[in-house]
Amino acid sequence: MDDKRAVISSHNHVLVFPLRVQGHINPMLQFSKRLASRGFRVTLITPTSSGNSMQMQEQEQDRSIKVETIYDGYNEGEKAATRDEFLDRMKATVPQSLAELIDKYRSTQWPVTCLIYDSLLPWLLDVAQSSGIHGAPFFTQSCAATVTYYHALHGSLKLPLEESSVVKLPSLPEMEFNDLPSFVQVPGSNPVIYDLVLNQLSNLDKAIWLLWNTFDALEDEVVNWISSKWPIKTIGPTIPSMFLDKRLEDDKDYSLSLFKPKSEACVKWLDSKEPGSVVYVSFGSLASLGEDQMAELAWGLKRSNYSFLWVVRESEEKKLPSDFIEDTSDTSLIVTWSPQLQVLAHRSTGCFVTHCGWNSTLEALSLGVPMVAMPQWTDQPTNAKFVADVWRVGVRVNVGDNGVVTKEEIERCIREVMEEGRGNEIRQNSEKWKELARKAVDEGGSSDKNIDEFLEELSSSVG
Ligand code: UDP
């Protein structure tokens, strides 16, 4: 660590509070490690409701950050009846538990100076400010999707839209109905999450920093538009440095997973395959495919004739066609959870059939893996639009009239990405974006500078 970084870090203790969802925990944990690697003390907050599912595997001495558990309305083993109830109870209990934690540290040599909180929990800013510390929301979604939420919230996007609508919003490309986040397409489809995504914009005028897992070159126009409204700092991609071919000395390799990855089996299997020959398939931690869709996907993978590594979570396994596993066992590996970064960084991986969760999208793009975009819900359609038409690092499947993507279409898209012709252009673009992602986080890159700036500003504001 250089002298300047040592000085700014000497009195800072940052709390980091992600929502208990894998796609929020991962980037916020990796960002925490970046702060710790600059000499900051970082404590990650886990809620009591997670129980054992959110324990770090590594011993405390092998980690660069601390973990504290606070009460969120549930004791270990207790389950919320609905998402609504979970969020309400959290809102009713966490302010007090968190204020107590901040108080606990007040008279130590590590008083807390800032709370970095999941942007979906905007009320945590009030908790931070009434405890006399700074608060900064951390966004785990793209700037582009967020701008559509902004226009939905402020009425400049008149909802509900006709399915034939084509929308042009400031700083965004022209978007068709199906390119918009699912809650903007049909706001009534999930009112709880619709409120959650819109509310994250409700109090940003009170925030001094907005931390965002994206990078300037990736979303330049949208980042500029947001920065004309709020003090955004792009700090991504939050991929550990060892996956970007440049391991930082103090980048510790540990994670916090709600699922158990089959790491050894995946890597061993990939090691046995030819470079660029494998199709990796995953729909993240939440998406659930219909049985029909699962069957079409299964047979589409088989028809493509490529080896494939498919993540089918335990809760999805029963939907696999019964004769499929036997039929493809010599060319495929199906696991309940993978070490995704290792898989994407592996030389055998040739393309990624993905639901386009923001993390998966950023990870594939940063590791130069071409994508077949098969978005399901939330912000995924917007991410898919950018993958196919803006960054041009993949193709997007066409959905049939019954809402299902056929096996023929899946086969066609995989072939388009894996083979010559269009595939070559996509691979070239993927290499270009991989390079730009690496530049952003390298020393002196836009995200690296923004992290330094954030820490300098934080240090000078707390004296
Ligand atoms: N992931 C993983 N193994 C898997 C599937 C996913 O480690 O088998 C990780 C992936 O690398 C990403 C996160 O889980 O960091 C999923 O986040 P994303 O935003 O892509 O999707 P979500 O789960 O939120 O829909």
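Predicted model: local features only at pLDDT ≥ 70, side-chain atom pairs only at ≥ 80, totals over all residues.
**H15 and H16**

I then looked up who makes the contact: Glu-416, Val-417 and Met-418 on the H15 side, Arg-422, Gly-423 and Ile-426 on the H16 side. I sorted these residues by class and got three nonpolar, one polar and two charged.

**The whole chain**

Next I stepped back to the overall fold. I find 17 helices and 15 strands in the protein chain. The radius of gyration is 22 Å, close to the 23 Å that the globule rule gives for 463 residues, so I can call the chain as compact as a globular protein of that length. Along the principal axes, the C-alpha atoms fill a box of roughly 65 × 50 × 45 Å.

How much of the chain counts as buried? I get 44% of the 463 residues. I also checked how far apart in sequence the contacting residues are. Taking contacts with a separation of 6 or more, 66% join residues 24 or more positions apart.

**Helix H14**

Nine of its eleven residues are buried, so I noted the helix as mostly covered. The buried ones are Gln-380, Pro-381, Thr-382, Asn-383, Ala-384, Lys-385, Phe-386, Val-387 and Ala-388. I see a lysine in that list, Lys-385.

What do these buried residues pack against? I count in three helices by name, H5 (143-153), H6 (182-185) and H13 (358-366). The strands that the buried residues of H14 pack against are E7 (175-176), E14 (371-373) and E15 (394-396). One backbone detail I wrote down: just after H14, Arg-392 takes a positive phi of about 55 degrees.

**Around the ligand**

H13 turned up again when I went to the ligand. I find 19 residues surrounding the ligand, and the closest are Gly-23, Gly-284, Gln-340, Gly-357 and Ser-360. Which helix gives the largest share of this shell? It is H13, with four residues. H2 (22-37), H12 (340-345) and H13 each supply at least two residues of the shell.

Last, I went through the shell by class. I get seven nonpolar, eleven polar and one charged residues around the ligand.

**Recap for the next page**

H13 is the helix I keep meeting: the buried residues of H14 pack against H13, and H13 supplies four residues of the ligand shell.

Technical notes: Residues numbered from 1 in each chain as written. Buried ≥ 20, exposed ≤ 12 C-beta atoms within 10 Å, placed from the backbone. Contact = placed C-beta atoms within 7 Å. Near = placed C-beta within 6 Å. Nonpolar A, V, L, I, M, F, W, Y, C, P; charged D, E, K, R; others polar. Rg over C-alpha atoms; globule rule 2.2 N^0.38 Å.
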